Amino acid sequence: MDRRRLPDANGRYRERGFWDARYREAGAEPYEWLGGLSRFRRQLEAELRPGDRILVLGCGNSALSHDLYELGHTDITSIDFSPVCIEAMRARYAHCPGLRWAVMDIRALQFPDTSFDVVLEKGTLDVLMVEERDPWHVSPQAAAALHQVSRVLRPGGRFVSITFAQPHFRKPHYAQEAFGWSLRHAAYGDAFHYFLYVMCKGQRLASPDVALGRKLRQPPAPAAPAPPALPPAAADEDYLRAIEL
């Protein structure tokens, strides 16, 4: 990525003005956070059905909506809170009548309940959670978006979230009984792994996921005293013993 497009603080990723300025420069020229469709096509296609009504959250200038359209998914609504982005994407893909574009905040979706079979996001929730440091001091940003996703999903619908966040950090956010969905995940990538989480509306969370979700916002118990340090020679020979896993 061109470093001139990077913000001076991570919190700016949540600001509409930052993205408007970026899209004025970049237009609708495709840019893919976390890789393009070819990287996770097998995992994603397993969750899609012919005729699905698909909502793409925080579409940005990704080609994902168009790539899915080319695969035969012709009922796709893509939203972003940047009007500059949406204007550029609407113009770029004007030749695809099944692609619809709207300026909208994912924390306040303007769709009726049970409107979609699939809700898809790639890196959008990462932006909302960019300043969070642990799962016990959680901003309301992501929770508001997840409540909206649950609301617009029909029974049996799937929410697919693609992210760099490992299960230890992300699953507690998704494993909330109030959302009324099940939870599973898969990894993709070679040298660096990304994660694809699938939530199915109307299915029950597994018991371990329920327990995990209940730990959200609950600080862990105080850590036990650290074990005595290994002697230098032993640490050199068996350094793995000094790593707390």
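Predicted model: local features only at pLDDT ≥ 70, side-chain atom pairs only at ≥ 80, totals over all residues.
View 1. Two strands pair if DSSP finds at least two bridges between them; helices (H or I, at least four residues) and strands (E, at least two) are DSSP runs, numbered from the N terminus. Residues are numbered from 1 along each chain as its sequence is written, and side-chain values use heavy atoms, with hydrogens and water left out.

**View 2. E5 and strand E7 (residues 194-200) run antiparallel and are joined by six bridges.** Ile162 stands opposite Leu196 in E7. Strands of a sheet pair through backbone hydrogen bonds, either parallel or antiparallel.

View 3. Contact means heavy atoms within 4.5 Å. From first C-alpha to last, the 13 residues of H6 reach 19 Å, close to the 18 Å expected at 1.5 Å a residue; the expected span is 1.5 Å times one less than the number of residues. Buried residues of H6 (under 20% relative accessible area; exposed is over 50%, partly exposed in between; 1.4 Å probe, protein chains only) include Ala142, Ala145, Leu146, Val149 and Val152. Their cover includes E1, E4, helix H5 (124-128), E5 and helix H7 (167-174).

**View 4. Arg158 and Asp52 form a salt bridge, with the closest N and O atoms 2.8 Å apart.** The pair links distant parts of the chain, 106 residues apart: Arg158 is in strand E5 (residues 153-163), and Asp52 is in the loop between H2 and strand E1 (54-57). Both Arg158 and Asp52 are buried. A salt bridge is a side-chain nitrogen of Lys or Arg within 4 Å of a carboxyl oxygen of Asp or Glu. The structure holds eleven salt bridges.

**View 5. Asp117 and Arg53 meet through their side chains in a salt bridge (3.0 Å, N to O).** Asp117 lies in strand E4 (residues 116-122) and Arg53 in the loop between H2 and E1, so the pair ties together parts 64 residues apart in sequence. Asp117 is buried at 7% relative accessibility, whereas Arg53 is partly exposed at 31%. Salt bridges with shared partners join Arg53, Asp117 and Arg154 into one network.

**View 6. Arg41 forms a salt bridge with Glu45, the closest N and O atoms lying 3.1 Å apart.** The two residues are four apart in helix H2 (residues 37-45), so about one helical turn separates Arg41 from Glu45. Arg41 is partly exposed, at 38% relative accessible area, and Glu45 is partly exposed at 34%.

**View 7. Thr114 has a positive phi of about 55° although it is not a glycine.** Most residues other than glycine have a negative phi. Thr114 is found in the loop between E3 and E4 and is partly exposed, with a relative accessible area of 39%.
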